[in-house]
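Subject: Structure for your review

Dear colleague,

Please find the structure below, handed over for your review. A short account of the findings follows it.

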Amino acid sequence: MNKHQWQTFTLHNPYLFSLLLLVIITLVNLFVQPDMFHRDTINNNMRVFLPLILLAAGEAVVILGGGIDISVGSIVSIVNVILATQVGLQGNPQKMYLMMGFVLLVGMAAGAINGFFVAYMRLQPIITTYATSFLYAGLALFILPNPGGGIPQSFSSFYRDTTPLGLPLAFFIIALILLAWGFVQQTRYGRYLSAVGGKADAAYETAVPVSAIQFSTYVAAGLMAALSGIAVTMLVSSGNSTTGDQLTLSSITAVVIGGTTLSGGVGGVAGAMIGAVILGLIKNIISFANIDTWWQTFVNAAIIVVALAAPGVINLFRRKR
Amino acid sequence: MKRITISPPVAAVLLAIILFALSGLLPNGFGSNMLVARAQAVNILRLSVFLGVIAAGQTLVIISGSEGIDLSAGAVVTLTAIVTYVLVNGNDGRVLPALFAAILVGAAIGLVNGTGISFLKISPLVMTLGMSGVVTGMILIVQHGNVSGAVSPIMTKVIARPLIFGIPGAIIIWVFFAGLMWLLMERTAFGKNLFAIGTNRVTARLSGVNVTAMVLATYALAGALSGLGGFLAVGNTGVVFINIGNPFLFPSIAAVAVGGTLLSGGKGSYWGTMAGAIVLTLLTSLLTTMQMPDSVRSMVLGATLLILISIYGRQQALRQ
């Protein structure tokens, strides 16, 4: 394969490295956790990974469109505290359904604020979403100053134990999102999205509604953040205004490990989901490999850096030859 | 018709002055007492120094373009603050070696960042984010969460206390430092090349700029400046804690943006960053003085930042 073919090949298969990495990480995980493919273990793992998977999928859409959103974690927090305070441990199911619908709207509204400032006010995405992350985090803290609250037991056990057709619930949610993404990619909107992320001014000159597309990516990310917030709330079944804090940067890392370039235009939702699973498995490996507690942060970060560096190292050697 | 334009650094300074004047009208503000007002102004300037120095590295990295950003700055500040704290150990004679060590450690981490970014083509955001995790991990491994050491009397005296005419040493250091930054960015080949690679890497390379070396040097320098920031920060607080650097990370980026430096690179100044650091520090201390709850403080900070960048952080429209 010559250099040009190789470039085309990696461009057409942005998930290549992430799939390879997924296989390696899975094998290592299997080594330290032999019952990994047991049904219960898969379900246990997937329900812990699901919030980040959902968040990373939304982040991937924004990054694909050439932006970045560092407020998604704060949106997760808002959703979490709204559910925990408004429904409560003793709340009735109707109220829970109502509030779940409401938080989806909240997530989209938060995304719309981001989108408005980035797409229509033409502010730089990273600093804009940094500013709004303060807004949202402050709002979450305002709603629930001290950790507490909760959701009805029935919902957390539904999230924990539902295995339709013997497969974890998370699989079905992931499949649904992949289907939706596959459909979006077939539409004109999907092509517009790649065009805007690839080169916004060229897209503009070919009559692509650039601002509207950019705006929509942030709304999509807000919606996915709200879904992620619902999943997190069902997972931990309590409220805390800092729930989403550490998820933001992980979601960006997941997107990049998943083969989406931060400059936009290349990549997709599936890769980001793989990236999120990889990050979850790395954490798994560390907790099962009996690594000294003090070393865990370092090992986790080092594996991530190596994973990020791997495609670059391979390309470096290919260029030398 | 000629539009009235105002340069971002000037706007930021004006904003800082207005904010400060308004803060005097608060129930617990300085009112008409000029002595208290002066003391408060000096104190806020002194607090801005640490953010200002850390944001200096951020300014260079952001001007270098290609989505340049340094998310490892916070972790590097913590690490170098610990290095300083442990090396100095209360001994005046060991301040200078500790300063060099802090700068060297920062530069080494910056060099690793630069290597990953220029040779392995990792995007700066995730590379520096990953490094920040690695550095935090290293701190935990080496120190197990507790450190023994001390700052020396001379550090406290020079950095935290008034030095000449009641002006704290930190401010004098900052003025000197700003002069050096100006020389570096405006009067050296490095500075010219920095703006060149920030504007367009391809044209810069074709005009004979060694882009790879520039990127390496920029990230190493940014790391070194974070190291200096860590040294100054621990000199100010007098104690070191695991979270000493992180609160500086995102404000350092915000200070650069508020100061009018383009986050896409190629345009900006350190004066702007200084003004941005002062505005952010002033805003934070103002909200603290007003005794707002954390939640409201966070929201006001976010909204203000949003308004600030809305005023002059707008990018060019696609339609020309």
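A:S241 has a relative accessible area of 8%, and because buried means under 20%, A:S241 counts as buried in this predicted model. A:S241 lies in the loop between helix 11 (210-236) and helix 12 (247-257) of chain A. Leaving aside residues up to four places away in sequence, A:S241 touches A:S77, A:V81, A:A140, A:L141 and A:L144.

The loop between helix 11 and helix 12 of chain A also holds A:S237. A:S237 is partly exposed, at a relative accessible area of 25%. Its phi is near 45°, a positive value in a residue other than glycine. Most residues other than glycine have a negative phi.

A positive phi is also found in chain B, where B:K121 has a value of about 55° although it is not a glycine. B:K121 sits in the loop between helix 4 (95-118) and helix 5 (124-143) of chain B, and with 56% relative accessibility it counts as exposed.

As for chain A as a whole, its secondary structure consists of 14 helices and zero strands. The radius of gyration of chain A is 20 Å, which agrees with the value near 20 Å for a compact globule of 321 residues. The C-alpha trace of chain A spans about 65 × 50 × 40 Å along its principal axes. Of the 321 residues in chain A, 50% are buried. Chain A exposes about 14200 Å², and carbon and sulfur atoms supply 67% of that area. The 14 positive and 9 negative charges of chain A have mean positions 11 Å apart.

With kind regards

Conventions: Residues numbered from 1 in each chain as written. Chains lettered and ligands numbered in written order. Predicted model: local features only at pLDDT ≥ 70, side-chain atom pairs only at ≥ 80, totals over all residues. Heavy atoms only, no water. Helix = DSSP H or I, 4+ residues; strand = E, 2+ residues; numbered from the N terminus. Buried < 20%, exposed > 50% of the residue type's maximum accessible area, 1.4 Å probe, protein only. Contact = heavy atoms within 4.5 Å. Rg over C-alpha atoms; globule rule 2.2 N^0.38 Å. Areas by Shrake-Rupley, 256 points an atom, 1.4 Å probe, with all protein chains shown as cover. Lys, Arg positive; Asp, Glu negative; His and termini not counted. Charge placed at Lys NZ, Arg CZ, Asp CG, Glu CD.
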